[in-house]
Amino acid sequence: MNITAISFDVDQTLIDTDLVIMRSMESVREELIKRVPGKRSQSLTVEQMWSIRDREEKYYVGKVRDFDEIRRRSFYKMLDYVGYTGPDLSTRLNEVYLEHRYNDIEPYEDVVPMLDALAPRFKLGLLSNGNNYPEYFGLDGRFDFAVYAQDIGIEKPDPETFQIAAQRAGCGLDQLLHVGDSLETDVGGAQAVGVRAVWLNRNGAFNDTGIEPDCQIATLTDLPALLSLD
């Protein structure tokens, strides 16, 4: 393959964002129970908190997500759920959340060895709809370019996101390879503009989307071999 640059999705590709968010939510739940004791607070589960957050995120369907606003709205709804009517506690809950949200992130174990193997030969970058920047998970300085939806005002699978990634990588669309865990936003979005795409399927999910990736891998450890570097 005539590949000169590789872009990576971030969430669930390089880091287990879902796990970190669940742990952060558990810390918020503990703080909520401490600040608002009672049966309603104790009955609020992390899964319910996640569901509240998901409902607030759906407000942004078709728009670029504002994660700070989603979080703020979610905490208000959680306080309302437990019947709290006192002085604003959302700021404190947000502080507790952020303590864990950005202090507990680590890349998957296969990330650093993969980057070490690819860096001498390819320009490496990030193409993400999220808000996890490399300095948050110990990989600052490891990438040559980065494209974040909240910075450019559009999200994958919008074709322009991949075009911007190629521009920042200094390559043509046919020279860019994109790697991600989502068939719809990563694989489908990339292929729509002529970018080849690798589906990272860590959990052996069944593909019933009709979208066929150029390649499929179960771990990033397999990527160097796929590019004939091993």
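**Exercises on a predicted model**

Not counting residues up to four places away in sequence, Ser 128 touches Asp 9, Val 10, Asp 11, Val 147, Tyr 148, Ala 149 and Lys 156, where contact means heavy atoms within 4.5 Å. The model is predicted, so that local features need pLDDT of at least 70 and side-chain atom pairs count only at pLDDT 80 or more, while totals for chains, interfaces and linings use all residues. Residues are numbered from 1 along each chain as its sequence is written, and side-chain values use heavy atoms, with hydrogens and water left out.

**Exercise 1.** Determine where Ser 128 lies and whether Ser 128 is buried or exposed.

*Solution.*
- Step 1: Ser 128 belongs to strand 2; strands (E, at least two residues) and helices (H or I, at least four) are DSSP runs, numbered from the N terminus.
- Step 2: The classes are buried (under 20% relative accessible area), exposed (over 50%) and partly exposed in between, with a 1.4 Å probe and protein chains only.
- Step 3: Ser 128 has a relative accessibility of 2% and therefore counts as buried.

**Exercise 2.** Describe the surroundings of Arg 168.

*Solution.*
- Step 1: Arg 168 is part of helix 8, which covers residues 159-169.
- Step 2: Its relative accessibility is 45%, so Arg 168 counts as partly exposed.
- Step 3: Leaving aside neighbours within four places in sequence, Arg 168 is in contact with Phe 145, Ala 146, Val 147 and Ile 152.
- Step 4: A polar atom of the Arg 168 side chain lies 2.7 Å from the backbone oxygen of Ala 146.

**Exercise 3.** Classify the ring pair formed by Tyr 59 and Tyr 60, and state which charged residue ends sit over the ring of Tyr 59.

*Solution.*
- Step 1: Rings of Phe, Tyr and Trp (its six-membered ring) pair if their centres lie within 6.5 Å; planes under 30 degrees apart count as stacked, over 60 as edge-to-face and the rest as tilted.
- Step 2: The whole structure contains five aromatic pairs.
- Step 3: In the pair of Tyr 59 and Tyr 60, the centres are 5.2 Å apart and the planes stand at 85 degrees, so the pair is edge-to-face.
- Step 4: Tyr 60 is buried at 11% relative accessible area, whereas Tyr 59 is partly exposed at 45%.
- Step 5: A charge sits over a ring if NZ of Lys or CZ of Arg is within 6 Å of the ring centre and within 35 degrees of the ring normal.
- Step 6: The charged end of Lys 63 sits over the Tyr 59 ring, 4.2 Å from its centre, and Arg 73 lies over the face of Tyr 59 at 4.5 Å from the ring centre.

Key. A polar contact is a pair of N or O atoms within 3.5 Å; within protein, one must be able to donate a hydrogen and the other to accept it, and residues adjacent in sequence count only if both atoms are side-chain atoms.
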